[in-house]
Amino acid sequence: PRVAVIVVAAGSGTRLGVGAPKAFVGIDAHTILRHALRSVFEAPEAQVIVVAPSDRTGDAETEVREAAGSRRDLVSVVAGGATRQESVAAGLAAVWADVEVVLVHDAARALTPPEVFARVIDAVSQGSDAVIPVLPVVDTLKRVDADAVVEPVDRSVLAAAQTPQGFRRAILDGAYLDAAADHTDDAALLQAAGTVVRTVPGDERAFKITTPADLERARALVAPVPT
Ligand code: CTP
Ligand code: MG
């Protein structure tokens, strides 16, 4: 395929605090990783690379086998690293030669609708080097110094970044070759390297499961509607 999706799922889930790697925590009968994969396999066809904790690659293979259906031959599992950036680098090393567009997606954004993948792929296909889905910020924001409010912050100039983030493959490869500092997302790494990053609309359902309250929200969203 022309597109690859790297699903980073190698984090430990410290803030969720369940005592198991976050990707393998259940939302309902299915894990966070399984839900994330479901969206990936409903999105436009792509090579899929799942980056799992090094001691859980077998479990990730099982999830892939159950989720991939007819796309099984497009999927591989690789071991991640100590930081998200190292995990992305491990995934990038497994991207096939003919791929031109690479998406990087947090498994923790388990309920991201397939349309978001399509929007990001379309924007990169139309010529953008780097594309991220964003949502407007709804909270009233303050710049603070310890417990003192320094000033209000104009939220109209801010956006909340989500994944999947999409990149022209050569540009992402190049940025990772030169990467020094650790960045919280790939767009930040690319921007540090001088790439123009564009936005497309994100989706509320692409929120990241980070805290126990986020897991409760995900559970409520997938719960069957009472009849
Ligand atoms: N991730 C990864 N490898 C790492 C760290 C993070 O693949 N070494 C992935 C996570 O699995 C997750 C995504 O990056 O899908 C976003 O990271 P985050 O939400 O911070 O997950 P964790 O690092 O697992 O959580 P925490 O920071 O609370 O420990
Ligand atoms: Mg983390």
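This is a predicted model: local features need pLDDT of at least 70, side-chain atom pairs count only at pLDDT 80 or more; totals for chains, interfaces and linings use all residues.
1. Strand E4 (residues 101–106) pairs with E9 in the antiparallel sense, over four bridges. Strand E5 (residues 130–136) also pairs with E9 in the antiparallel sense, over two bridges. Gly-166 of E9 takes part in both pairings: Leu-103 stands opposite Gly-166, and Gly-166 is the bridge partner of Val-131.

2. Helix H4 (residues 114–125) has 12 residues, and at 1.5 Å a residue these should span 16 Å; the end C-alpha atoms are 17 Å apart, which agrees. The buried residues of H4 are Val-116, Phe-117, Val-120, Ile-121 and Val-124. Seen down the helix axis, these buried residues fall within an arc of 130°, so they line one face of H4. An α-helix has 3.6 residues a turn, so residues three or four places apart point the same way.

3. Ligand 1 is surrounded by 22 residues, of which the closest are Ala-10, Gly-11, Thr-14, Arg-15 and Ser-87.

4. On confidence, the chain has a mean pLDDT of 95, with 100% of its residues at 70 or more. For the complex, the predictor gives an ipTM of 0.99 and a pTM of 0.96.

Note on methods:
Residues are numbered from 1 along each chain as its sequence is written. Chains are lettered from A and ligands numbered from 1 in the order in which they are written. A residue is near a molecule or strand if its C-beta atom, placed from the backbone, lies within 6 Å of it. pLDDT is the predictor's confidence in each residue, from 0 to 100. Two strands pair if DSSP finds at least two bridges between them. The expected span of a helix is 1.5 Å times one less than its number of residues. A residue is buried if 20 or more other C-beta atoms lie within 10 Å of its own, exposed if 12 or fewer, and partly exposed in between; C-beta atoms are placed from the backbone. The arc is that of the directions from the helix axis to the C-beta atoms.
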